[in-house]
Amino acid sequence: MSEILHVTNGDSTAETLRSTALGGTVLPWRDSLHVGPLPSTPRPELLRRRAAFLAESGWGGGEEIRDSLAERDRRLERAFADGEPVVLWFEHDLYDQLQLLDILALAGEAGATPEAIVVGAFPGRPSFRGLGELTADELESLWPARRPVPRATLETAGAAWGDIRQPTPEALARRVEHDAQDLPYVRAALLRLLEELPAPRDGLSTTERTALRALAGGARTSVAAFVAAQDLESAPFLGDAWFFVTLAELGRGPHRLLETEEGEDLPVPVPESEHRFGQLAVRLTDRGRRVLEGEADRVELLGVDRWVGGTHVVPAAVWRWDPGSRQLLAP
(Lines give C-alpha, C1' and ligand atoms only; values in the text may rest on other atoms or scores of the structure.)
Protein backbone atom coordinates (compact mmCIF):
# COMPACT_ATOMS: atom_id res chain seq x y z
CA MET A 1 0.00 0.00 0.00
CA SER A 2 1.25 3.50 -0.84
CA GLU A 3 2.35 5.83 1.93
CA ILE A 4 -0.41 8.06 3.27
CA LEU A 5 -0.21 11.82 2.69
CA HIS A 6 -1.84 13.73 5.53
CA VAL A 7 -2.80 17.32 4.60
CA THR A 8 -3.68 19.73 7.38
CA ASN A 9 -4.09 23.36 8.33
CA GLY A 10 -0.65 24.34 9.59
CA ASP A 11 2.50 23.48 11.44
CA SER A 12 1.00 22.93 14.90
CA THR A 13 -1.33 20.13 13.82
CA ALA A 14 1.30 18.86 11.39
CA GLU A 15 3.85 18.36 14.17
CA THR A 16 1.35 16.45 16.31
CA LEU A 17 0.33 14.27 13.35
CA ARG A 18 3.99 13.37 12.82
CA SER A 19 4.14 12.07 16.38
CA THR A 20 1.17 9.74 15.96
CA ALA A 21 1.38 6.05 15.05
CA LEU A 22 -0.50 6.66 11.79
CA GLY A 23 2.62 6.84 9.63
CA GLY A 24 2.86 8.59 6.31
CA THR A 25 4.01 12.10 5.53
CA VAL A 26 2.39 15.38 6.52
CA LEU A 27 1.80 18.40 4.29
CA PRO A 28 0.76 21.62 6.05
CA TRP A 29 -1.31 23.88 3.79
CA ARG A 30 0.45 27.11 4.71
CA ASP A 31 -1.61 30.12 3.65
CA SER A 32 -4.04 32.49 5.37
CA LEU A 33 -6.67 32.64 2.66
CA HIS A 34 -9.03 34.88 4.65
CA VAL A 35 -6.69 37.85 4.02
CA GLY A 36 -5.22 39.17 0.81
CA PRO A 37 -6.16 38.63 -2.83
CA LEU A 38 -7.83 35.47 -4.13
CA PRO A 39 -8.32 36.45 -7.77
CA SER A 40 -10.07 34.25 -10.30
CA THR A 41 -6.89 33.57 -12.28
CA PRO A 42 -5.00 30.45 -13.39
CA ARG A 43 -3.21 28.69 -10.52
CA PRO A 44 0.34 30.00 -11.23
CA GLU A 45 -0.89 33.60 -11.16
CA LEU A 46 -2.92 32.97 -8.02
CA LEU A 47 0.18 31.64 -6.25
CA ARG A 48 2.25 34.57 -7.50
CA ARG A 49 -0.31 37.04 -6.13
CA ARG A 50 -0.53 35.19 -2.82
CA ALA A 51 3.26 35.13 -2.50
CA ALA A 52 3.55 38.85 -3.27
CA PHE A 53 0.91 39.67 -0.64
CA LEU A 54 2.51 37.47 2.03
CA ALA A 55 5.93 38.95 1.27
CA GLU A 56 4.55 42.50 1.57
CA SER A 57 3.11 41.44 4.94
CA GLY A 58 6.54 40.44 6.20
CA TRP A 59 6.41 36.65 5.88
CA GLY A 60 9.53 36.30 3.74
CA GLY A 61 10.80 36.90 0.23
CA GLY A 62 8.31 36.76 -2.61
CA GLU A 63 10.19 34.19 -4.70
CA GLU A 64 10.83 31.98 -1.69
CA ILE A 65 7.15 32.00 -0.70
CA ARG A 66 6.00 31.41 -4.27
CA ASP A 67 8.36 28.44 -4.61
CA SER A 68 7.09 27.03 -1.31
CA LEU A 69 3.45 27.34 -2.39
CA ALA A 70 4.22 25.80 -5.77
CA GLU A 71 6.09 22.87 -4.20
CA ARG A 72 3.19 22.33 -1.79
CA ASP A 73 0.83 22.11 -4.77
CA ARG A 74 3.16 19.77 -6.65
CA ARG A 75 3.39 17.42 -3.66
CA LEU A 76 -0.38 17.12 -3.53
CA GLU A 77 -0.64 16.73 -7.30
CA ARG A 78 1.97 13.91 -7.24
CA ALA A 79 -0.03 12.11 -4.58
CA PHE A 80 -3.19 12.37 -6.67
CA ALA A 81 -1.41 11.26 -9.86
CA ASP A 82 0.34 8.32 -8.18
CA GLY A 83 -2.75 7.10 -6.36
CA GLU A 84 -1.35 7.75 -2.88
CA PRO A 85 -3.98 7.74 -0.14
CA VAL A 86 -4.61 11.40 0.80
CA VAL A 87 -6.32 12.24 4.09
CA LEU A 88 -7.41 15.81 4.81
CA TRP A 89 -7.49 16.96 8.45
CA PHE A 90 -9.44 20.17 8.98
CA GLU A 91 -11.76 21.90 11.41
CA HIS A 92 -14.83 24.11 11.21
CA ASP A 93 -13.51 27.68 11.24
CA LEU A 94 -13.01 30.12 8.38
CA TYR A 95 -9.24 29.61 8.14
CA ASP A 96 -9.63 25.85 7.70
CA GLN A 97 -12.71 25.84 5.54
CA LEU A 98 -11.08 28.08 2.93
CA GLN A 99 -8.05 25.80 2.82
CA LEU A 100 -10.32 22.78 2.56
CA LEU A 101 -12.23 24.28 -0.37
CA ASP A 102 -8.95 25.10 -2.11
CA ILE A 103 -7.72 21.51 -1.76
CA LEU A 104 -11.04 19.92 -2.70
CA ALA A 105 -11.17 22.09 -5.82
CA LEU A 106 -7.71 20.81 -6.78
CA ALA A 107 -8.83 17.24 -6.09
CA GLY A 108 -11.86 17.71 -8.30
CA GLU A 109 -9.71 19.01 -11.15
CA ALA A 110 -7.38 16.03 -10.76
CA GLY A 111 -10.21 13.49 -10.66
CA ALA A 112 -8.93 12.30 -7.27
CA THR A 113 -10.86 10.97 -4.27
CA PRO A 114 -9.22 12.05 -1.01
CA GLU A 115 -10.52 11.06 2.39
CA ALA A 116 -11.36 13.72 4.96
CA ILE A 117 -11.63 14.19 8.70
CA VAL A 118 -13.44 17.48 9.34
CA VAL A 119 -14.56 18.28 12.89
CA GLY A 120 -16.28 21.04 14.78
CA ALA A 121 -16.13 19.50 18.24
CA PHE A 122 -14.21 16.95 20.28
CA PRO A 123 -15.41 14.81 23.22
CA GLY A 124 -14.38 16.20 26.60
CA ARG A 125 -13.43 19.59 25.17
CA PRO A 126 -16.49 21.85 25.45
CA SER A 127 -14.50 24.88 24.28
CA PHE A 128 -12.84 23.07 21.35
CA ARG A 129 -11.19 25.52 18.98
CA GLY A 130 -9.21 23.31 16.66
CA LEU A 131 -7.07 20.30 15.87
CA GLY A 132 -3.94 22.10 17.00
CA GLU A 133 -4.96 21.76 20.65
CA LEU A 134 -5.34 17.96 20.48
CA THR A 135 -2.74 15.43 21.56
CA ALA A 136 -1.37 12.70 19.30
CA ASP A 137 -3.63 10.13 20.95
CA GLU A 138 -6.65 12.37 20.46
CA LEU A 139 -5.84 12.86 16.77
CA GLU A 140 -5.47 9.11 16.38
CA SER A 141 -8.93 8.63 17.88
CA LEU A 142 -10.37 10.55 14.90
CA TRP A 143 -8.81 8.18 12.36
CA PRO A 144 -11.83 5.83 12.08
CA ALA A 145 -14.04 8.83 11.23
CA ARG A 146 -12.31 9.51 7.90
CA ARG A 147 -14.54 9.22 4.85
CA PRO A 148 -13.95 9.42 1.09
CA VAL A 149 -15.09 12.73 -0.39
CA PRO A 150 -17.77 11.99 -3.00
CA ARG A 151 -17.51 13.42 -6.49
CA ALA A 152 -20.60 15.56 -5.93
CA THR A 153 -18.96 17.14 -2.88
CA LEU A 154 -15.83 17.90 -4.88
CA GLU A 155 -18.01 19.64 -7.46
CA THR A 156 -19.77 21.66 -4.75
CA ALA A 157 -16.42 22.66 -3.26
CA GLY A 158 -15.06 23.68 -6.64
CA ALA A 159 -18.11 25.84 -7.31
CA ALA A 160 -17.86 27.47 -3.87
CA TRP A 161 -14.14 28.13 -4.37
CA GLY A 162 -14.96 29.76 -7.70
CA ASP A 163 -17.63 31.96 -6.09
CA ILE A 164 -15.19 33.15 -3.41
CA ARG A 165 -12.71 34.26 -6.05
CA GLN A 166 -15.09 36.34 -8.16
CA PRO A 167 -14.23 40.07 -8.48
CA THR A 168 -17.49 41.04 -6.78
CA PRO A 169 -19.14 39.27 -3.81
CA GLU A 170 -22.58 38.66 -5.32
CA ALA A 171 -21.97 34.97 -6.06
CA LEU A 172 -20.57 34.49 -2.57
CA ALA A 173 -23.65 36.14 -1.05
CA ARG A 174 -25.89 33.82 -3.08
CA ARG A 175 -23.84 30.82 -2.00
CA VAL A 176 -24.60 31.40 1.70
CA GLU A 177 -28.36 31.49 1.18
CA HIS A 178 -28.45 27.69 1.38
CA ASP A 179 -26.67 24.98 3.36
CA ALA A 180 -24.40 22.48 1.64
CA GLN A 181 -25.24 19.29 3.54
CA ASP A 182 -22.10 17.54 2.32
CA LEU A 183 -19.91 20.46 3.51
CA PRO A 184 -21.58 21.24 6.85
CA TYR A 185 -19.24 23.98 8.04
CA VAL A 186 -18.83 25.92 4.81
CA ARG A 187 -21.91 28.13 5.07
CA ALA A 188 -21.01 29.51 8.51
CA ALA A 189 -17.42 30.05 7.40
CA LEU A 190 -18.45 31.94 4.26
CA LEU A 191 -20.90 34.05 6.24
CA ARG A 192 -17.96 34.98 8.45
CA LEU A 193 -15.89 35.82 5.37
CA LEU A 194 -18.62 38.18 4.18
CA GLU A 195 -18.41 39.88 7.58
CA GLU A 196 -14.95 41.11 6.60
CA LEU A 197 -16.73 43.54 4.29
CA PRO A 198 -17.54 46.89 5.91
CA ALA A 199 -20.90 46.98 7.68
CA PRO A 200 -23.45 49.64 6.64
CA ARG A 201 -23.82 51.33 10.04
CA ASP A 202 -20.22 51.79 11.18
CA GLY A 203 -18.01 50.71 8.26
CA LEU A 204 -16.32 48.08 10.44
CA SER A 205 -15.62 44.47 9.62
CA THR A 206 -16.51 42.00 12.36
CA THR A 207 -12.80 41.56 13.14
CA GLU A 208 -12.43 45.31 13.57
CA ARG A 209 -15.58 45.57 15.66
CA THR A 210 -14.53 42.79 18.03
CA ALA A 211 -11.11 44.46 18.38
CA LEU A 212 -12.72 47.77 19.36
CA ARG A 213 -15.15 46.00 21.68
CA ALA A 214 -12.28 44.17 23.38
CA LEU A 215 -10.47 47.44 24.06
CA ALA A 216 -13.66 49.19 25.15
CA GLY A 217 -14.28 46.28 27.50
CA GLY A 218 -11.03 46.70 29.38
CA ALA A 219 -8.21 45.14 27.35
CA ARG A 220 -5.13 47.29 27.76
CA THR A 221 -2.59 45.72 25.40
CA SER A 222 -2.66 44.36 21.87
CA VAL A 223 -2.33 40.77 23.04
CA ALA A 224 -5.04 41.21 25.69
CA ALA A 225 -7.32 42.60 22.99
CA PHE A 226 -6.52 39.57 20.81
CA VAL A 227 -7.44 37.11 23.56
CA ALA A 228 -10.65 38.99 24.39
CA ALA A 229 -11.63 39.31 20.73
CA GLN A 230 -11.22 35.57 20.18
CA ASP A 231 -13.70 34.96 22.97
CA LEU A 232 -16.22 37.05 21.03
CA GLU A 233 -15.93 34.77 17.98
CA SER A 234 -18.18 31.72 17.70
CA ALA A 235 -15.45 29.92 15.71
CA PRO A 236 -12.10 31.67 16.31
CA PHE A 237 -9.86 31.52 13.25
CA LEU A 238 -7.52 34.50 13.37
CA GLY A 239 -3.89 34.32 14.42
CA ASP A 240 -2.40 37.07 16.52
CA ALA A 241 -0.19 38.36 13.70
CA TRP A 242 -3.16 39.15 11.44
CA PHE A 243 -5.12 40.58 14.36
CA PHE A 244 -2.24 42.95 15.07
CA VAL A 245 -2.33 44.06 11.42
CA THR A 246 -6.01 44.93 11.93
CA LEU A 247 -5.17 46.99 15.01
CA ALA A 248 -2.43 48.85 13.14
CA GLU A 249 -4.79 49.68 10.26
CA LEU A 250 -7.20 51.23 12.76
CA GLY A 251 -4.44 53.03 14.62
CA ARG A 252 -2.71 55.18 12.05
CA GLY A 253 -3.31 58.66 10.65
CA PRO A 254 -5.00 61.83 11.89
CA HIS A 255 -8.42 60.14 12.11
CA ARG A 256 -7.20 56.96 13.81
CA LEU A 257 -9.61 54.94 15.96
CA LEU A 258 -6.84 53.56 18.21
CA GLU A 259 -3.57 54.93 19.54
CA THR A 260 -0.78 54.19 21.96
CA GLU A 261 -1.01 55.34 25.57
CA GLU A 262 1.27 58.22 24.52
CA GLY A 263 -1.32 59.34 21.96
CA GLU A 264 0.72 58.22 18.93
CA ASP A 265 0.12 56.11 15.85
CA LEU A 266 0.49 52.37 16.28
CA PRO A 267 3.61 50.96 14.61
CA VAL A 268 3.35 48.68 11.60
CA PRO A 269 3.63 45.10 12.93
CA VAL A 270 5.67 42.44 11.15
CA PRO A 271 5.81 38.77 12.14
CA GLU A 272 9.21 39.02 13.84
CA SER A 273 7.96 41.87 16.05
CA GLU A 274 4.78 40.11 17.22
CA HIS A 275 5.90 39.94 20.86
CA ARG A 276 6.78 43.63 21.07
CA PHE A 277 3.58 44.67 19.34
CA GLY A 278 1.56 42.36 21.58
CA GLN A 279 2.85 44.11 24.69
CA LEU A 280 2.00 47.54 23.32
CA ALA A 281 -0.47 49.53 25.44
CA VAL A 282 -3.39 50.54 23.21
CA ARG A 283 -6.50 52.63 23.79
CA LEU A 284 -9.55 53.80 21.87
CA THR A 285 -9.66 57.37 20.62
CA ASP A 286 -12.82 59.46 20.82
CA ARG A 287 -13.36 58.72 17.12
CA GLY A 288 -12.97 55.02 17.84
CA ARG A 289 -15.70 55.19 20.47
CA ARG A 290 -17.98 57.10 18.10
CA VAL A 291 -17.49 54.50 15.37
CA LEU A 292 -18.08 51.65 17.83
CA GLU A 293 -21.35 53.33 18.85
CA GLY A 294 -22.41 53.69 15.20
CA GLU A 295 -22.09 57.47 15.22
CA ALA A 296 -19.30 57.61 12.62
CA ASP A 297 -18.10 55.46 9.72
CA ARG A 298 -14.71 53.77 9.70
CA VAL A 299 -14.46 53.85 5.89
CA GLU A 300 -15.24 57.56 5.70
CA LEU A 301 -12.62 58.29 8.37
CA LEU A 302 -9.81 55.96 7.29
CA GLY A 303 -10.61 54.82 3.78
CA VAL A 304 -10.30 51.12 2.99
CA ASP A 305 -8.02 48.85 0.97
CA ARG A 306 -8.91 45.23 1.64
CA TRP A 307 -9.42 41.97 -0.23
CA VAL A 308 -12.33 39.72 0.69
CA GLY A 309 -11.78 36.70 -1.51
CA GLY A 310 -11.57 38.04 -5.06
CA THR A 311 -13.26 41.34 -4.17
CA HIS A 312 -10.94 44.32 -3.78
CA VAL A 313 -12.70 46.76 -1.46
CA VAL A 314 -11.44 50.30 -2.09
CA PRO A 315 -13.08 53.73 -1.64
CA ALA A 316 -14.36 53.69 -5.23
CA ALA A 317 -15.98 50.25 -4.74
CA VAL A 318 -17.12 49.80 -1.14
CA TRP A 319 -19.21 46.65 -0.98
CA ARG A 320 -20.91 46.33 2.41
CA TRP A 321 -22.43 43.40 4.27
CA ASP A 322 -25.09 43.70 6.96
CA PRO A 323 -24.49 40.77 9.35
CA GLY A 324 -27.88 41.21 11.01
CA SER A 325 -30.04 41.06 7.89
CA ARG A 326 -27.45 39.09 5.89
CA GLN A 327 -27.82 41.55 3.08
CA LEU A 328 -25.18 42.59 0.57
CA LEU A 329 -25.08 46.29 -0.32
CA ALA A 330 -23.48 47.27 -3.62
CA PRO A 331 -21.29 50.40 -3.95
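The structure holds 6 aromatic pairs, a pair being two rings of Phe, Tyr or Trp (its six-membered ring) with centres within 6.5 Å. The rings of Trp59 and Trp242 have centres 6.0 Å apart and planes at 35 degrees, so this pair is tilted; planes under 30 degrees apart would count as stacked and over 60 as edge-to-face, the rest being tilted. The pair links distant parts of the chain, 183 residues apart: Trp59 lies in the loop between α2 (43-56) and α3 (62-82), and Trp242 in helix α11 (residues 240-250). Helices here are DSSP runs (H or I, at least four residues), numbered from the N terminus.

This is a predicted model, in which local features need pLDDT of at least 70, side-chain atom pairs count only at pLDDT 80 or more, and totals for chains, interfaces and linings use all residues. Residues are numbered from 1 along each chain as its sequence is written, and side-chain values use heavy atoms, with hydrogens and water left out.

Trp242 is buried, with a relative accessible area of 9%, whereas Trp59, at 40%, counts as partly exposed. Buried means under 20% relative accessible area, exposed over 50%, and partly exposed in between (1.4 Å probe, protein chains only). Phe243 and Phe244 form an edge-to-face pair, 6.4 Å centre to centre with 65 degrees between the planes, and both are buried.

Definitions and conventions:
Helix = DSSP H or I, 4+ residues; strand = E, 2+ residues; numbered from the N terminus.
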